[in-house]
Amino acid sequence: MAGDSLLDPLLESSADIDEIKTCRQFFKEAAAENRRLWYLAGPAIITAIAQYSLGAITQVFAGHLTTLELDAVSTENMVIAGLAFGIMLGMGSALETLCGQAYGAKQLHMLGIYMQRSWVILNITCIVLLPIYLFATPILRLFGQDESIANLSGKFSLYMIPQLFAYGFNFPIQKFLQAQSKVLTMAWISCVALVFHIFLSWLFIVQLKWGLPGAAASLNISWWIVVLGQFAYIVMGYCPGAWTGFSWGAFKNLGAFARLSVASAIMMCLEFWYYMLLIVLAGRLKNAEVAVAAISICNNLNGWEIMLFFGFNAAISVRISNELGAGRPRAAKLSILVVVLSSIILGIFFFALVLGLKEVYANPFTISEDVRHVVSNLALIFSFTLFLNSVQPVLTGVAVGAGWQWLVAYVNVGCYYIIGLPLGFLLGSKFNMGVKGIWTGMISGVGLQTLILLGITLGTNWNKEAMAAESRIRKWGGSVGNPENGIKSKEKQGGLV
């Protein structure tokens with residue numbers, strides 16, 4: 001679309017970034033960087049919220065059927081589809097590093113090759129993941145899920161197999177477009193799909209009374225509208241230089257490319273599985289239906305807020321990878337400072353919002369007074385969760401832009417699975433704190449992870465990261481043909497500016 005091309009001048013880093021010597025110069029450059037981030041983050045936020053809302057809207061409609069059907073949709077959405085979503089998004093995130101840095105280094109011809117390689121790898125992964133959908137019921141039983149919830153969730157999972165393959169195409173396309181700052185196009189297509197989804201959900205579930213099959217049909221159709229709309233935009237010629245048609249080059253170096261994709265998937269999946277396993281733990285508590293419904297509602301709202309900051313995640317990932325690929329580490333550091341401050345301000349807003357609406361924020365999701373009461377009691381700890389989740393996705397975006405996927409994976413293992421989940425299990429089950437205990441353990445892991453990622457970011461030598469980006473581009477098939485892309489000799493290691 002023409003709107004994307006209008007962003008290009010706004011995304012150019014100022015040549016004066018290396019000459020900041022006064023507070024006035026700093027605030028001028030920070031304001032310019034803030035505009036660049038918002039021009040990327042705004043459409044990316046709309047895209048993330050719209051696509052997340054596809055599943056969330058389905059849960060809203062299911063919540064007005066029965067509590068059991070809400071639990072089935074929530075469990076499939078958070079556990080089965082959540083598992084696939086995390087793997088697909090994570091593997092596709094390898095393109096954030098590769099495409100972003102190649103774009104910054106003006107190696108446009110590699111972007112289409114990278115996307116096609118990712119399609120091949122992700123669709124093979126979809127086939128590998130099929131048994132999880134086919135045998136969802138026994139898998140959920142194995143983890144101790146309530147029998148009735150496991151049976152209905154397994155049935156709903158079979159309906160949702162088309163969504164799995166939509167993931168396999170969607171995330172590589174998204175990273176391909178994001179690297180080129182084609183974010184307005186993604187936002188428009190996602191909004192159109194969301195409008196269709198609301199209409200189809202109303203038609204199939206409310207008017208035609210198709211129940212869960214109708215919910216699945218509307219969700220599958222909507223995801224494929226997103227995929228086909230984005231692909232149509234690409235093949236119509238709106239990505240010149242980056243898309244030159246299908247190529248046999250997509251089948252070269254698949255093994256090495258897969259290893260990089262797996263590193264990204266592990267990093268991302270450890271986060272998605274963390275929230276997924278909260279649903280499983282809730283299913284082991286007394287009065288499991290109410291516990292699962294309460295956790296699902298909080299996870300749903302938490303997911304919407306995280307999608308907002310996934311917009312910042314995408315924006316900072318693009319900014320970091322582009323600037324490192326272009327050999328401008330000081331500009332990358334300024335981007336980090338600006339985006340972290342912006343996310344903290346928004347996090348404070350959501351913290352206050354939940355406390356102010358604690359008696360009513362569960363109402364759109366359930367008609368059960370028991371579920372509403374449990375959700376209301378979680379308001380204080382839930383508000384702290386939203387604050388932490390305003391910063392954590394941004395720091396993860398910095399890591400992806402710089403190519404630190406394996407490092408973040410190790411951090412996630414320690415914070416989430418050695419500390420967070422065991423603590424949540426002990427507090428929820430052994431100390432009889434129920435849903436509040438599970439959530440307390442979860443937020444402990446998130447808080448520790450956020451502090452560690454912040455420390456890593458502050459302690460990084462960004463000059464070395466820019467040199468590593470140049471090396472990575474050469475390794476994966478590009479070459480830095482422009483000598484001006486080299487790191488300026490006057491770059492010095494120092495603070496954030």
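**Helix packing in a predicted model**

The protein chain exposes about 19200 Å², with 69% of that supplied by carbon and sulfur atoms (Shrake-Rupley method, 1.4 Å probe). This is a predicted model: local features need pLDDT of at least 70, side-chain atom pairs count only at pLDDT 80 or more, and totals for chains, interfaces and linings use all residues. Residues are numbered from 1 along each chain as its sequence is written, and side-chain values use heavy atoms, leaving out hydrogens and water.

Student: How many helices does the protein chain have?
Tutor: Helices are DSSP runs of H or I, at least four residues; strands are runs of E, at least two. The chain has zero strands. Its helix count is 18.

Student: What percentage of the residues in the protein chain is buried?
Tutor: Buried means under 20% relative accessible area, with a 1.4 Å probe and protein chains only. The chain has 497 residues. The buried part is 61%.

Student: Are α12 and α14 oblique or roughly parallel to each other?
Tutor: α12 (residues 288-325) and α14 (residues 369-377) pack at about 55 degrees, axes 9 Å apart. Axes are lines fitted to C-alpha atoms over the stretch in contact, and angles run from 0 to 180 degrees between N-to-C directions. Roughly parallel is under 35 degrees, roughly antiparallel over 145, roughly perpendicular 65 to 115, and the rest oblique. Therefore the pair is oblique.

Student: Which residues of α14 does α12 meet?
Tutor: Contact means heavy atoms within 4.5 Å. From α12 come Val290, Ala293, Ala294, Ile297 and Cys298. In α14 they meet Asp370, Val371, Val374 and Val375.

Terms used: Buried means under 20% relative accessible area, exposed over 50%, partly exposed in between (1.4 Å probe, protein chains only).
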